[in-house]
Amino acid sequence: MSLWRMIFTNLRRHRVRTAIGATGIALGVATMLSVVGLLGGAVKMFEQILRNDSQMVVFEKNVSDLFFSNVPVGLAAELEGLACVKAAQPVLFAVIASPGRSIITCFGIQANDGRLRRGKWLQGGVGAFKGEAVVLGERAAGFLNAKQGSTIPLGQGTYTVAGVLRMENGFENGGVFMPLDTCQKAFHKDGLCSVITVAIADGHRLSEVREWIASKREHFSAMDNDEFSRSYVQFQIIKVTAWVVGGCAFLLGGLSVTNTMILSVFGRIKELAIARVCGFSRGQVARMIFGESLLICAMGTVAGWLLSWALLCGLRAVPQLQGYIEPSLGWAEIAGASGLSAITALLGAMYPAWYAARLKPAQALRFE
Amino acid sequence: MITQVTVTDVWKSFDGGRIEVLKGVSLEVRQGEVIALCGTSGCGKSTLLNVISGLEEVDRGLVRVAGRDVVEESTRVDLLRKHIGYVFQLHHLMPDLTLAENCLLPVIAAGGGKQQGWERLRELAAATGVSHRLGQRVRELSGGERQRGALVRSLMNDPQVLLCDEPTGALDESNREKVFELLLELVRERGRTMILATHDMELARRCDRRLRMRDGTIEGEDR
């Protein structure tokens, strides 16, 4: 028999207590992974909208939200004039009200925008995308009860539906695509767009565009897509929120482990004393308690993985969420949650282990 | 002959000094000696054994076992692993573990080899007649078997000194005799030292020396 066998035996004989401790951790892990997965998925969807076959995004410096960014459309033409740029697409983001639907995301784009090529045309075609004609995502067409040729009220204006597109991204599938100049007019942003997405020409570097913007257009920033995702405040807030909510869930899980381990120690004070009489050192007793705690957390972590996986699969199957949130979990998130679980196990067992190690064997043997 | 246990002017009190249990106790026990600490309940026999094993710290005085001062925690642990075996009145086995698992605890504590541990266990179990009970949980054993199991556990690491606190106190007449006979036989056969705390004069008479304890002191010795 080894120390680990003793640890297993002790956990096995107090199955309910062990299960409660592991459940606390499982819920913590599941909450963290689910929240991180969901919000991370939402961030990815936003990133997809911005990428649009490009490697870089140009936007106004020091804006907290891209909806407030104002970039002159003329800058796109200037960028396209550079040898290092293959294509520069201006996009105006806005939200617009429609009857029976509080807000719809609106994309002001040019007719050659990649979105209109990527999506599957269910009705109409890109040829009609001009003037006061708009293209609806499939989902938007559904809730606006509109089809090609319909006239729909949006904001202060009325528009004709030039076609319906099926988009993979839920925000795009539930949105309205407007010709850029029409969109500028509707939102009083003449000559402006929110961002310019830039595709780099073969053999050129991203830094060439960055340097050009920095030297010629100091009020604007050019970032590669990954850099933008890392530094964009809104994404950071979402990611931090996810980890904070998950961390709070872990705190509760940690308290559950502490409680389980305290009960475990107080319930066998005499046994711990016997172990000391048999020659167990304080360190060995503490290791036994930490080992039990780690094992409880390991069980809870595995259960938490399975629970979050089931939850995310369930959410993926909800039709209302399809395309809006793409739940995703990477190894980094799983490793992060598992690492937190291990830390929780160690912190949760600290007081019980300290108490057990400090027990005076002779007194503990008299304990009833 | 080598001195195994030396206790010099040991004082021990509880409850912040209000209850004095040992008052300047001194004794010396040599290798191979079997001595009995006799006296009524509360005279300090168990406390003296606890002090010798290092389970209780002394207020003042000196305790040496196998030539080492029982002061430091590391020394106490080492002595309990290699030099001291302890048998209690109540077996103090872990009820949810099997008898074998209980007996192997000192081997685990000392980081001993699995195979070596099992060999020793089989040998001692055969000598004490509990071989057929090794795989059973303690709660399934009779009182006599449990106490034999406790005896096996105490001898697992082949200690030089065996401390026995009323080892037969919880047994019926027939088991009491058998267990004590076995204890004496194992100790004498191996030339080990035993200090037995008992108020049973019949058992005490079979020891080499009898120390009479009263009110925290050793008031006399019979040979």
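Tutor: Let's start with the sheet in chain B and then move over to chain A.

First, some housekeeping: this is a predicted model, where local features need pLDDT of at least 70, side-chain atom pairs count only at pLDDT 80 or more, and totals for chains, interfaces and linings use all residues. Residues are numbered from 1 along each chain as its sequence is written, while chains are lettered from A and ligands numbered from 1 in the order in which they are written.

Now the sheet. Chain B has an open sheet of six strands in the order 6-7-8-3-9-10, and the pairing is mixed. Strands here are DSSP runs of E with at least two residues, helices are runs of H or I with at least four, and both are numbered from the N terminus. Two strands pair if DSSP finds at least two bridges between them. At the edges stand strand 6 (84–87) and strand 10 (217–222) of chain B; each has a single partner strand, so one side of each is left without a neighbour in the sheet. From one strand to the next, the twist averages 20 degrees.

Zoom in on strand 6 of chain B: four bridges join it to strand 7 (residues 161–165) of chain B, and the two run parallel. Gly85(B), for instance, has Leu162(B) in strand 7 as its bridge partner. Helix 6 (residues 143–155) of chain B packs on the sheet, touching strand 6 and strand 7, and its direction makes about 170 degrees with that of strand 6. Contact means that C-beta atoms, placed from the backbone, lie within 7 Å. Angles run from 0 to 180 degrees between N-to-C directions, with axes fitted to C-alpha atoms, for helices over the stretch in contact.

Over in chain A, the axes of helix 2 (residues 15–51) and helix 10 (residues 233–266) come within 8 Å and cross at roughly 175 degrees. That makes helix 2 of chain A roughly antiparallel to helix 10 of chain A (the label is for angles over 145 degrees). Thr23(A) sits in helix 2 of chain A. Because Thr23(A) has 19 C-beta neighbours inside 10 Å, it counts as partly exposed; 20 or more would be buried, and 12 or fewer exposed.

Finally, the two chains meet: 18 residues of chain A are in contact with 20 residues of chain B. On the chain A side, the largest share, four residues, comes from helix 11 of chain A.

Note on methods:
Parallel < 35°, antiparallel > 145°, perpendicular 65-115°, else oblique.
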